[in-house]
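Hi everyone, thanks for making time this morning. Let me put the sequence and the structure up on the screen, and then we can walk through them together.

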Amino acid sequence: MLPELLENRHSDEIAALLAVASEGSFVAAGRHLQRHPSIVSKRVAAMEGRLGVRLIERSTRQVRLTHAGAQLVERLCTALALISE
């Protein structure tokens with residue numbers, strides 16, 4: 001049985017968070033993932049709800065990772081690098 005983290009919806013949430021972090025916006029992340037920006041936003045919001053913590057601060061002009069978001073992105077990047085090896 002696969003751990004809960006590896007369920008499709010959770011991998012979509014992780015991909016959305018990492019894309020927003022690397023691309024700097026929901027629109028650019030959507031282009032990168034070939035998804036509508038609202039879908040990317042919903043995936044990140046679902047992850048935030050599930051984890052009970054805000055990962056991205058949103059405003060009309062910009063998005064930025066919160067401290068918790070930056071820590072999670074760093075850990076996810078480390079995990080992905082280990083998996084790639």
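Here is something to start with: how far apart are the mean positions of the positive and negative charges of the chain? They lie 8 Å apart, for 11 positive and 9 negative charges. Please keep in mind that this is a predicted model.

Now the overall fold. We have four helices and two strands, and if you follow the sequence the order is α-α-α-β-β-α. The chain is as compact as a globular protein of its length, because its radius of gyration is 12 Å and the globule rule gives 12 Å for 85 residues. The C-alpha trace spans about 40 × 25 × 25 Å along its principal axes.

What about contacts along the sequence? Taking those with a separation of 6 or more, 42% join residues 24 or more positions apart.

Let's look inside. Of the 85 residues, 27% are buried. The largest nonpolar core has 16 residues, and those that touch the most other members are Leu-17, Val-20, Phe-26, Val-40, Val-44 and Ile-56. Each of α1 (8-23), α2 (26-33), α3 (37-51) and α4 (67-84) supplies at least two residues of this core, and α1 gives the most, with six.

Leaving out residues up to four places away in sequence, Val-44 touches Ala-16, Leu-17, Val-20, Phe-26, Ile-56 and Arg-58.

How values were computed: Residues numbered from 1 in each chain as written. Predicted model: local features only at pLDDT ≥ 70, side-chain atom pairs only at ≥ 80, totals over all residues. Heavy atoms only, no water. Rg over C-alpha atoms; globule rule 2.2 N^0.38 Å. Buried < 20%, exposed > 50% of the residue type's maximum accessible area, 1.4 Å probe, protein only. Contact = heavy atoms within 4.5 Å. Lys, Arg positive; Asp, Glu negative; His and termini not counted. Charge placed at Lys NZ, Arg CZ, Asp CG, Glu CD. Core = buried A, V, L, I, M, F, W, Y, C linked by side-chain atoms within 4.5 Å.
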